[in-house]
Amino acid sequence: MAALQRRLAEFAAARAWQPYHTPKNLVAALSVEASELVEIFQWLTPEESARVMADPETAFRVTDEVADVLAYLLQLCQVLGVDPLAALAAKIDRNERRFPVPDGTRNPPSPERN
């Protein structure tokens, strides 16, 4: 993860993009890229969405947008000093406390908000 963040930072530095990589701009770019990922799935049925990676062209688009989302998220974390893996581990810990597995239930309902 750290190596990818360094590579992204070096890429931006080589192009003198650091002045544009403010938290506000990175969050906006992250939102745009996430929306581009949503666009691929927007009108698919649940069954179609489950098969999206079977089509090579669509699989490439999905993979490319996932990479864009992750790149902006990692850049945002670096700018803000957030350890993304530690943040995720802490969030999972909180969710495990907030949403304990009910006794006798194999598949508890999904919460609407995390």
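Asp 83 sits in the loop between helix H4 (56-80) and helix H5 (84-98); helices here are DSSP runs of type H or I with at least four residues, strands are E runs of at least two, and both are numbered from the N terminus. Keep in mind that this is a predicted model, where local features need pLDDT of at least 70, side-chain atom pairs count only at pLDDT 80 or more, and totals for chains, interfaces and linings use all residues. Residues are numbered from 1 along each chain as its sequence is written, and side-chain values use heavy atoms, with hydrogens and water left out.

**Around Asp 83**

- Asp 83 counts as partly exposed because its relative accessibility is 46%; the scale calls a residue buried under 20% relative accessible area, exposed over 50%, and partly exposed in between (1.4 Å probe, protein chains only).
- A polar atom of the Asp 83 side chain lies 3.0 Å from the backbone nitrogen of Leu 85. A polar contact is a pair of N or O atoms within 3.5 Å; within protein, one must be able to donate a hydrogen and the other to accept it, and residues adjacent in sequence count only if both atoms are side-chain atoms.
- Along the chain, Asp 83 and Ala 2 are 81 residues apart, yet their C-alpha atoms are separated by 9.4 Å.

**The whole chain**

- Taken along the principal axes, the C-alpha atoms fill a box of roughly 55 × 35 × 25 Å.
- Of the 114 residues, 19% count as buried.
- Look at contacts between residues at least 6 apart in sequence, and 56% of them join residues at least 24 apart. Contact means heavy atoms within 4.5 Å.

- Phe 11 lies in helix H1 (residues 2-14), and its 40% relative accessibility makes it partly exposed.
- Together with Trp 17 and Tyr 20, Phe 11 forms a nonpolar surface patch with about 350 Å² of accessible area. Patches take residues with over 30% relative accessible area and no salt bridge, joining like charges within 9 Å and nonpolar side chains (Val, Leu, Ile, Met, Phe, Trp, Tyr) within 5 Å. A salt bridge is a side-chain nitrogen of Lys or Arg within 4 Å of a carboxyl oxygen of Asp or Glu.
- Leu 4 is found in helix H1 too, and is partly exposed at 45% relative accessible area.
- Leu 4 and Leu 74 are 70 residues apart in sequence, but 8.2 Å apart in space, C-alpha to C-alpha.
- Ala 16 is in the loop between H1 and helix H2 (23-41), and has a positive phi of about 55° although it is not a glycine.

**Helix H4**

- Gln 75 is found in helix H4 and is buried, with a relative accessible area of 10%.
- Leaving out residues up to four places away in sequence, Gln 75 touches Leu 8, His 21 and Leu 26.
- Ala 67 is in helix H4, where a relative accessible area of 41% makes it partly exposed.
- Ala 67 and Asp 93 are 26 residues apart in sequence and 26 Å apart in space, C-alpha to C-alpha.

Notes:
Areas by Shrake-Rupley, 256 points an atom, 1.4 Å probe, with all protein chains shown as cover.
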